[in-house]
Structure formats: structure tokens, C-alpha cells
Amino acid sequence: MLDRIDEYTLTNAQITNFIQDKGYTNLFNIHESISELIDKDFISVSTIRNTKHYKITNLGEEALFYFENRISNNIKQEIREYFKEEKINLKNESEIIADFIFNEHNEYTVKCAIMERRETLLDIRINVPTKDMARSICDNWRSKSTDVYQYLVNELWSKE
């Protein structure tokens, strides 16, 4: 799955839901396999607001090259169909990023970003006084990021 979607990352929930929906294995085996792939440096993991995002590494791509013929064509087709059906959801979850941390000034730094094909279109960091504010900004970022991006470009580009 990770090899088929190299422009983005996949979340733990996306991978787990696909595998469980298809009945390939149980939750315990999924998590054990993912842990082993991380330990062997075949996939990398990053955590954004308590959500794990996975990406295949160069070493993982190399290993897959040697073993890809062991994956049935039926499974490969089901993965392609899943991506086709869920393309918008997968893209949105990977391209719109929001997270916050508690900083050394006893405030919360909120990082909001828009990514497109591994390139950063917009990266904003805002300090706010409360965790509730930080959480609210993160929660609203997905639905308002396009408007914020357009507003900033228009305002900064205008000659007034």
C-alpha cells in the first residue's frame, strides 16, 4: 500500500481499516507487522496530533522489489481500487497538517501546513496562550486551510 502512494503518507487507521475490511489478518498481527517494518527501517513513522503516519523508505522499496511477486494480483487490484475510491480522503489527510506543542514560553505553538507532492505550499506557526485555542486551531485547519491560503496570497500580492 505504501509503495503505491509515494506522494503522501498513510495513517495507521487507513492501513488497519483496509486490511481488516478485507479480512487479511487481525489487529494484533497488523500492529506487529508494522512494528517489525519500522524496526527494519522498511517504513518510517511520524506522529501528528496523536495520529501515526507511515511512509515507505528507500530500503523498503528495495526489499519490496524482490518480494512483490509474492503478493497476489487480487490483493494488488484491491489496493488500487481502494486508492481510487478513497483518493480524496487519502490526499486530504496527508496534505493538510496541523499539530501543536507546549513551548518554553509557557504557550502553545501551533503548526499548520499545506503540502502538495512533498512540497510545502504554506507553513504557519502561531503561538497561543491555551491548549484549547491550540486544539481549536488544529481542528479548524482542515476545513479553513484553503481559504486562509487564498487570503494570504491575495493580501500579500495586492499592491495597496
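Tutor: A residue is buried at under 20% relative accessible area, exposed at over 50% and partly exposed in between (1.4 Å probe, protein chains only). This is a predicted model, in which local features need pLDDT of at least 70, side-chain atom pairs count only at pLDDT 80 or more, and totals for chains, interfaces and linings use all residues. Residues are numbered from 1 along each chain as its sequence is written, and side-chain values use heavy atoms, without hydrogens and water.

Student: What percentage of the residues in the protein chain is buried?

Tutor: The C-alpha trace spans about 60 × 35 × 30 Å along its principal axes. Of the 160 residues in the protein chain, the buried ones make up 29%.

Student: On which residue is the kink in H5 centred?

Tutor: A straight helix of 27 residues would reach 39 Å at 1.5 Å a residue, but the end C-alpha atoms of H5 (residues 131-157) are only 33 Å apart. The expected span is 1.5 Å times one less than the number of residues. Bend is the angle between axes fitted to the seven residues ending at a residue and the seven starting there. The kink, about 70°, is centred on Lys144.

Student: Which strands do the buried residues of H5 pack against?

Tutor: Those buried residues are Ala134, Cys138, Trp141 and Ser145. With contact meaning heavy atoms within 4.5 Å, they pack against S4 (96-102), S5 (108-116) and S6 (119-128).

Notes:
Helix = DSSP H or I, 4+ residues; strand = E, 2+ residues; numbered from the N terminus.
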